[in-house]
Amino acid sequence: MADDGPVEHGYPHLDTVRDAITALYKRLSYDTVQTFATSVAPVDVAFGDTDDLHLGAQRVAREMVRHYRLPDARPIISFREMTHAANVELTAGPEYFIELNDRFRTHRRDIGAALAHEVMHVYLHRLDLSFPGTRENEILTDTAATYLGAGWLLLDAYREDAASSQKLGYLTPEEFGYVLAKRALVFGEDPSVWFTSPQAYTAYVKGMAQARRDEQQPPLTAAGWAGRRRYALDRRHGPGPGSQSGVPYAFSGDKGGSLRVSFPCPTCHQRIRVPVRGRVRARCSLCRTVLECDT
């Protein structure tokens with residue numbers, strides 16, 4: 001939690017974020033991901049200053065449990081002084097003890113954001129899905145919460161001006177915006193209408209631009225002129241190191257000696273391998289996205 005401290009920007013964790021999206025599709029399946037087409041509604045996690053602190057926190061926690069479809073999980077909320085925003089004790093359940101930072105006693109509108117992350121820890125624990133290393137696992141948790149419809153709250157908790165700053169989660173604001181954009185492109189949902197923080201909206205716009213760039217990489221037909229030209233030059237070199245460094249695609253030969261190209265799916269980032277023979281339509285086996293390619 002960045003509280004009046006420096007807020008990291010940009011995309012330093014982008015590779016891990018993309019790995020997390022791939023892992024979600026692999027562990028949950030396309031059909032299960034599709035059941036999260038509707039995000040947590042602002043009205044369902046609204047928390048006024050006059051609401052009872054503990055009853056309100058329990059209500060919001062139950063909403064997160066409902067959204068993540070964890071009917072037999074019972075979160076028990078308490079508050080204490082701590083460095084991090086929150087902490088959850090992962091056990092076999094059904095009760096899970098979640099501690100929230102004392103600052104949320106007076107910053108109640110951000111309790112939903114903290115619980116979106118902590119209850120996602122419970123969800124991933126139940127799935128037995130994790131990444132090695134604490135930071136990588138926390139990035140997975142932020143990404144999963146955001147992609148499955150609750151993480152817009154984490155981005156909306158980001159506020160920054162000349163005198164103060166606040167950010168929850170391990171992703172940068174732009175990375176949160178990127179994952180939200182990836183979700184929006186899949187489900188046709190516009191989360192920007194829920195933002196109360198102008199900085200969150202700016203980060204979302206930047207994240208959407210980055211997500212759009214994923215759809216404009218060769219060999220996809222939406223690639224720009226410069227990318228197509230570089231791709232044509234690399235194709236001449238064929239398999240091997242050649243000039244393929246720094247690009248998302250890679251060439252290889254098959255048993256028959258024909259050239260093939262592999263590249264990440266712009267939706268789920270699983271690598272797809274297709275023959276090099278001009279116009280090709282490919283279908284990602286993981287997220288079922290149909291891709292128009294010019295190989």
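Me: How far is the sulfur of C284 from the closest cysteine sulfur?

Reply: This is a predicted model, in which local features need pLDDT of at least 70, side-chain atom pairs count only at pLDDT 80 or more, and totals for chains, interfaces and linings use all residues. Residues are numbered from 1 along each chain as its sequence is written, and side-chain values use heavy atoms, with hydrogens and water left out. The closest cysteine sulfur to that of C284 belongs to C268 and is too far away for a bond, at 3.5 Å.

Me: How many disulfides does the structure hold?

Reply: A disulfide is counted when two cysteine sulfur atoms lie within 2.5 Å. The pair of C284 and C268 is too far apart for a bond, and the sulfur of C287 is likewise too far from its closest cysteine sulfur, in C265, at 3.5 Å. For the structure, the number of disulfides is 0.

Me: Is C284 buried or exposed, and is C287 buried or exposed?

Reply: A residue is called buried under 20% relative accessible area, exposed over 50% and partly exposed in between, with a 1.4 Å probe and protein chains only. C284 has a relative accessible area of 1% and is therefore buried. C287 has a relative accessibility of 5%, so C287 too counts as buried.

Me: In which order do the 3 strands of the open sheet stand?

Reply: Strands (E, at least two residues) and helices (H or I, at least four) are DSSP runs numbered from the N terminus, and two strands pair if DSSP finds at least two bridges between them. β7 (250-253) and β9 (271-275) each have a single partner strand and stand at the edges, so one side of each has no neighbour in the sheet. The sheet is open and its pairing antiparallel, and the order is β7-β8-β9.

Me: Which residue of β8 is the bridge partner of A250?

Reply: β7 pairs with β8 (residues 259-264) in the antiparallel sense, over 4 bridges. Along this pairing F251 stands opposite V261, while the partner of A250 is S262.

Me: Which residue of β9 is the bridge partner of F263?

Reply: β8 and β9 run antiparallel and are joined by 5 bridges. R260 stands opposite P275 in β9, and the partner of F263 is I272.

Me: Which residue in the turn between β8 and β9 has a positive phi?

Reply: The hairpin of β7 and β8 has 5 residues between its strands, and there G257 takes a positive phi near 90 degrees. The hairpin of β8 and β9 has 6 residues between its strands, and in that turn a positive phi of about 70 degrees belongs to H269.

Me: Which residues lie nearest the centre of the second largest pocket?

Reply: A pocket is an open set of points on a 1 Å grid over the protein atoms alone, with protein on both sides within 12 Å along at least five of seven lines, whereas a cavity holds points where a 1.4 Å probe fits but cannot get out; lining residues have an atom within 4 Å of a point. The second largest pocket holds about 360 Å³ of space, a volume being the space filled by probe spheres on points joined across faces, edges and corners. α1 (14-28), α8 (198-214) and β8 each supply at least two residues of its lining, and α1 gives the most, with 4 residues. Of the 17 residues in this lining, those nearest the centre are R18, D214, P248, P264 and H269.

Me: How much space lies in the largest cavity?

Reply: A search of the whole structure finds 1 cavity of 30 Å³ or more. The largest cavity is lined by V65, L70, A73, R74, P75, Y96, I98, V119 and V122, and β2 (74-80), β4 (95-101) and α4 (111-127) each give two or more residues to the lining. P75, which lies in strand β2, is buried at a relative accessible area of 9%. The space in the largest cavity is about 40 Å³.
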